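Open the structure in your viewer and follow the stops below. Each one says what to select and what to look for.

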Number of protein chains: 2
Amino acid sequence: MAVTVVGSIAFDAVKTPFGERPKMLGGSAVHFALAASFFDAVRVVGPVGDDFGEAEYAVLHGRGVDTADIEHVAGGQTFFWSGVYGWDLNDRETLQTDLNVFAEFEPKLSPDSQNSAVLFLANIQPDLQRQVRAQCADAKFVALDSMNLWIDIARDSLVAAIEEVDCLILNDAELRQLTTAPNVIRAAREILSWGPKVVVAKQGEYGAVLVTPGGFFSLPAYPLEDVRDPTGAGDTFAGGFVGYIAAHLDEPLSDELLRRAMAYGTALASYNVEEFGTERVARLTLQEVDERFRALQQMTALPA
Amino acid sequence: MAVTVVGSIAFDAVKTPFGERPKMLGGSAVHFALAASFFDAVRVVGPVGDDFGEAEYAVLHGRGVDTADIEHVAGGQTFFWSGVYGWDLNDRETLQTDLNVFAEFEPKLSPDSQNSAVLFLANIQPDLQRQVRAQCADAKFVALDSMNLWIDIARDSLVAAIEEVDCLILNDAELRQLTTAPNVIRAAREILSWGPKVVVAKQGEYGAVLVTPGGFFSLPAYPLEDVRDPTGAGDTFAGGFVGYIAAHLDEPLSDELLRRAMAYGTALASYNVEEFGTERVARLTLQEVDERFRALQQMTALPA
């Protein structure tokens, strides 16, 4: 059914207690696309600069991602983010953010990208998300991610963007911040009253919860003894989740389907954090993803 | 099979954004005992002062808890704790801690308490926990809770106490602090190498995980739209968990049994936080507990 993702394509400099990389492929659209590619055709929309070359395209093409709508801005530099993680990998400090070509980004989707059945609006300025949404009027399922920055400085735009999508995927703290509800359940119910049919609250190392008008599902993160780099985990989760839904759009959007999608997102994200950047997912197999899906089933089964 | 619990019996003054109580029944042994009483006979060991009267005993007797080993210290005052919770109920500030009769507490267990098949060492000074453990040499299952204070000021004693029990129940942050492991899985595996067969990491609003030498199980907290007072949630969880195990001591301590125990602890804790102190659990029915057990099954089921 094809998924179009619009978001950042980046170089990341990351240091964790377990290693560092001075310049590696990253960005929300990249992590999403690699994960979603396990289930459906994926098209990436976003800008890059002159420093984005064959090696970076090769990672995306290695997973069959369509890069025709990656916009090369001549003379520009690719979005750059630099951060350092503490011993507690939940503690992350941003050292540097250079928007570069991303500062002037105006999403222009080709007809093929506009006609994808599924659209993922990765974390970018909410008015841009709305522009993209308008270009994909016929999309059957649209999901949106965002961040605390936009809640702080563009809340009205963000609310308007959320009203136009089927699914919101957000960190649980951001969900509470957005709604001022005291807990994730109340926050999710408020969001559902705005329009979306599905709310996913990401809880980092604790997993994620799914809230629909009639359902609730909670899934822990896959337990790992060695996490090397959490960068991109949320977008990888979203890629697995939305990609799985895209591959099953001919079925009703049932609670069972959404639960499986949650588990595939969780499985993908667990591999992503085992190594730096895209390194692990780039060589991952669907068989490995399925193994971790079954492991999640086993470790969450509550006997009668 | 009977459970003996040794820990604090307290009056709590609690203020949350949803109400306040200037002086209500509390304490780790009380919350534990009320929860465990749904599954097995429970005996409470701990000191109280002259201010502890009929109304407080009535709450315990109302759930059939044996109070013969509650030690009345004439002329003394009962342990008093005062705290305030923020809008984010994870933010808790202790305003006042008066040990009172607890300062001189030397646990003296009657033969009946010593002969309980199951012992729960609630959070008290680890050397006292070891004294109690020694008095219950024949106990078939011993579980222990602790807190960051003892990791800070009595780590060696705490490690020695943990080496002598079957099960450690601790907050996940404290597990990491105790072991200096970077994540809960590694921390739990290290604890298992010290002697315990079962480690439970409490994760507050996110639920709890169970780690055994051959197993891993993760269970979310029951999702509540209205949490009024989290005080005692951890001890109530422990009461449901340990009480259920006590009631099934004639069975092997299987992974299935432990998973069910986790769900009963989670169900009990979810009721506890719906109202202040012991108010909700005091009038709870086993049927309500079973309802929430089944709800947890439903909301965690991952279809194939």
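Two residues are in contact here when they have heavy atoms within 4.5 Å of each other. Keep in mind that this is a predicted model.

**Stop 1: chain A as a whole**

Select chain A and colour by secondary structure. There are 12 helices and 13 strands. A compact globule of 304 residues would have a radius of gyration near 19 Å, and the 18 Å of chain A agrees with that.

Now colour by burial. Of the 304 residues in chain A, 62% are buried. Switch to contacts with a separation of 6 or more: 65% of them in chain A join residues 24 or more positions apart.

**Stop 2: the surface of chain A**

Show the surface. Its accessible area comes to about 11,200 Å² in chain A, with 48% belonging to carbon and sulfur atoms. Then pick out the charged side chains. Chain A carries 23 positive and 43 negative ones, and the centres of these two sets lie 5 Å apart.

**Stop 3: A:His31**

Zoom to helix 1 of chain A, residues 28-36, and select A:His31 within that helix. Is A:His31 buried or exposed? The residue has a relative accessible area of 4%, so A:His31 is buried, the cut-off being under 20%.

Which residues surround A:His31, leaving aside neighbours within four places in sequence? Select A:Gly26, then A:Thr231, A:Gly232, A:Asp235 and A:Thr236, then A:Asn272, A:Gly277 and A:Thr278: A:His31 is in contact with each of these. Next, pick A:Glu274. That residue is 243 residues from A:His31 along the chain, yet their C-alpha atoms are separated by 14 Å.

**Stop 4: chain B over chain A**

Bring chain B into view. A rotation of 180° with 0.0 Å of shift along its axis superposes chain B on chain A, at an RMSD of 0.0 Å. The two copies are therefore related as by a two-fold rotation axis. The same surface serves both: 100% of the contact residues of chain B recur in chain A.

**Stop 5: B:Ser270**

Stay in chain B and find helix 10, residues 255-272, where B:Ser270 lies. B:Ser270 counts as buried, because its relative accessibility is 5%. Which residues does B:Ser270 touch, not counting those up to four places away in sequence? Select B:Tyr222, B:Leu224 and B:Arg292 to show these contacts of B:Ser270.

Conventions:
Residues numbered from 1 in each chain as written. Chains lettered and ligands numbered in written order. Predicted model: local features only at pLDDT ≥ 70, side-chain atom pairs only at ≥ 80, totals over all residues. Heavy atoms only, no water. Helix = DSSP H or I, 4+ residues; strand = E, 2+ residues; numbered from the N terminus. Rg over C-alpha atoms; globule rule 2.2 N^0.38 Å. Buried < 20%, exposed > 50% of the residue type's maximum accessible area, 1.4 Å probe, protein only. Areas by Shrake-Rupley, 256 points an atom, 1.4 Å probe, with all protein chains shown as cover. Lys, Arg positive; Asp, Glu negative; His and termini not counted. Charge placed at Lys NZ, Arg CZ, Asp CG, Glu CD. Least-squares fit on C-alpha atoms with pLDDT ≥ 70 in both.
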